[in-house]
Amino acid sequence: MPVLAGWKDLGEREDRVGIHPGDPILLSPDYRIDEALGRYLCRSSFARLAHEAKRNYTDDYCLFFDFLWGRGKTWRDATADDLWDYEDWRTRSLRNPRRVGGARWNRGLAALIRLYEWAVQRDHVPVNPVIMRSVVGRSGQRVLVPAARAKNARTSEVRWLTPRAFRRWVEVGLRGHAADGVPSAERLADRNGAFADLLFSSGVRLTEGASLLPHEIPRLRLEGGRYYVGRLARVVTKSKRARTFYASSVVVGEIEGYAESSRARVVRRAQSLGRYDDLPMRLVTHETGRHRRVLHWRNRGGVVRQTPLTEATVEERMSFFTEGPAGPEPLWLWLNESGLPFQPASWEGVFRAANERCEAVLSPVMSEPPFCTPHMCRHSFALLMLVVLNHVMDRRMGLTPEERRDFRLLYGDPWWMVQDLLGHAQLETTKAVYLAPVADLQLRSLLADFVPADGPVSEQELAGLFARLARESEGIQDLDDRLEAW
């Protein structure tokens with residue numbers, strides 16, 4: 001009984017020592033926890049990093065600690081020689097079949113700098129194994145950088161899909177269609193398809209789209225419209241700034257269909273099995289406010305609190321429940337088969353499984369089956385928006401060069417529009433990373449001989465334009481013309 005009693009007050013004990021939901025806990029291979037390392041992960045500036053950054057840095061720590069363990073050392077015993085050997089093994093050694101590029105190595109190096117600077121300040125280690133050197137910065141000032149920093153780091157391994165290649169990937173990889181287009185039943189296919197389409201349609205990041213609550217999804221209206229406006233809360237965005245996103249009416253309909261079908265089914269099953277009965281939850285009793293929506297909730301202890309929806313973190317959002325017809329149900333939109341909130345990081349596994357299915361199903365009929373990652377949806381959205389915006393602005397309106405210049409001064413250049421849609425702080429990120437193909441090809445000359453028909457831009461016109469773009473650019477996936485129709 002004393003053991004059980006200890007488990008019951010585990011949450012209170014964790015609160016007292018500063019361990020919060022989502023904080024990583026690392027075990028050594030002999031199943032021990034280092035107290036100082038645990039304090040760093042839960043109580044230092046590391047604990048205030050974004051969820052994705054904490055997950056990535058934790059992976060980097062595990063790799064380095066495992067490398068040291070193979071040498072009979074712990075993280076406290078690392079020397080500069082250990083780090084240089086690790087750099088060689090991680091980036092160049094033929095003994096490592098999973099070598100990484102400069103950008104990934106630099107990310108891991110940044111994680112180690114953060115840890116060891118903290119450890120030196122608190123006397124947990126005598127010296128920082130990451131050697132620093134002084135260089136001249138862009139503004140002429142002297143700055144310290146790690147000596148092991150890779151100089152050939154690419155800013156991003158960016159890949160794109162044309163709209164028709166993405167549709168094929170969704171149908172085969174997520175919805176389970178055969179190579180000839182014959183549909184087949186796939187578990188939670190409506191959920192997976194709706195989520196991928198949301199990323200491709202709106203350009204939101206994985207965590208931003210994964211943490212949306214039903215309140216934040218636009219609702220279909222009788223008067224129609226091709227795109228609907230939504231709002232991302234400040235705390236869930238990478239920039240920590242609230243921003244507007246646009247979702248197509250088709251995608252909004254897909255999300256509503258998922259909510260009314262498979263989502264409702266897994267919720268009913270979870271309620272019947274009592275899966276929500278003992279969960280810690282914040283039961284939302286009502287909402288107030290129009291422009292600044294506030295969720296009023298109470299926990300299982302009866303404590304009443306309120307949280308502005310725009311300030312609700314990802315972890316808080318997963319704890320919100322609402323009273324449904326058959327009892328409490330999660331407010332979180334995307335649920336797993338058990339009816340519990342689907343973790344944002346778990347979408348990576350869904351996309352990997354879809355890529356494996358596309359490879360297995362489409363390899364017999366095409367040489368390069370499409371593959372996709374959540375962030376590739378964002379890249380592809382940016383490419384689609386730039387092409388469409390330039391096409392509309394430069395061709396559909398029939399403007400002269402002078403009129404086109406005046407129009408852009410009044411309404412903005414398409415590059416700026418795409419930057420705003422993506423929420424980038426710097427235009428250079430949008431141009432040099434996300435849209436490198438069109439930056440290299442000069443979109444104006446690409447479209448110079450493209451003569452549009454009257455009326456709205458057709459899918460056939462865009463398919464032809466993207467097919468040419470894919471042929472002349474590196475990194476853009478498209479379908480063979482003979483495989484376009486099923």
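A: Before the strands, one definition: two strands pair if DSSP finds at least two bridges between them. Also, this is a predicted model.

Q: OK. How many bridges join strand 6 to strand 7?
A: There are 5 bridges between strand 6 (residues 282-288) and strand 7 (residues 294-298), and the two run antiparallel.

Q: What stands opposite Glu287 there?
A: Leu295 in strand 7.

Q: Which sheet are they in, and what's the order of strands?
A: An open sheet of 5 strands, ordered 8-7-6-9-10, with mixed pairing. Strand 8 (304-308) and strand 10 (327-330) are the edge strands, each pairing on one side only.

Q: How much are neighbouring strands turned against each other?
A: By 45 degrees on average in this sheet, direction ignored.

Q: Switching to aromatics. How many pairs?
A: A search of the whole structure finds 21 aromatic pairs. In one of them, Tyr61 and Phe65 have ring centres 6.0 Å apart and planes at 10 degrees, so that pair is stacked.

Q: Where are those two in the chain?
A: In helix 4 (residues 51-69); they are 4 residues apart, so about one helical turn separates them.

Q: Buried or exposed?
A: Tyr61 and Phe65 are both buried.

Q: And why is the pair of Phe64 and Phe65 called tilted?
A: Because their planes are at 50 degrees, with the ring centres 6.5 Å apart. Phe64 is buried too, as is Phe65.

Q: Which cluster do these belong to?
A: One aromatic cluster that includes Tyr61, Phe64 and Phe65, along with Trp89, Trp105 and Trp118 among others.

Q: Last one: what sits over the ring of Phe342?
A: The charged end of Arg191, 4.2 Å from the ring centre.

Key: Residues are numbered from 1 along each chain as its sequence is written. This is a predicted model: local features need pLDDT of at least 70, side-chain atom pairs count only at pLDDT 80 or more; totals for chains, interfaces and linings use all residues. Side-chain values use heavy atoms; hydrogens and water are left out. Rings of Phe, Tyr and Trp (its six-membered ring) pair if their centres lie within 6.5 Å; planes under 30 degrees apart count as stacked, over 60 as edge-to-face and the rest as tilted. Buried means under 20% relative accessible area, exposed over 50%, partly exposed in between (1.4 Å probe, protein chains only). A charge sits over a ring if NZ of Lys or CZ of Arg is within 6 Å of the ring centre and within 35 degrees of the ring normal. Axes are lines fitted to C-alpha atoms, for helices over the stretch in contact, and angles run from 0 to 180 degrees between N-to-C directions.
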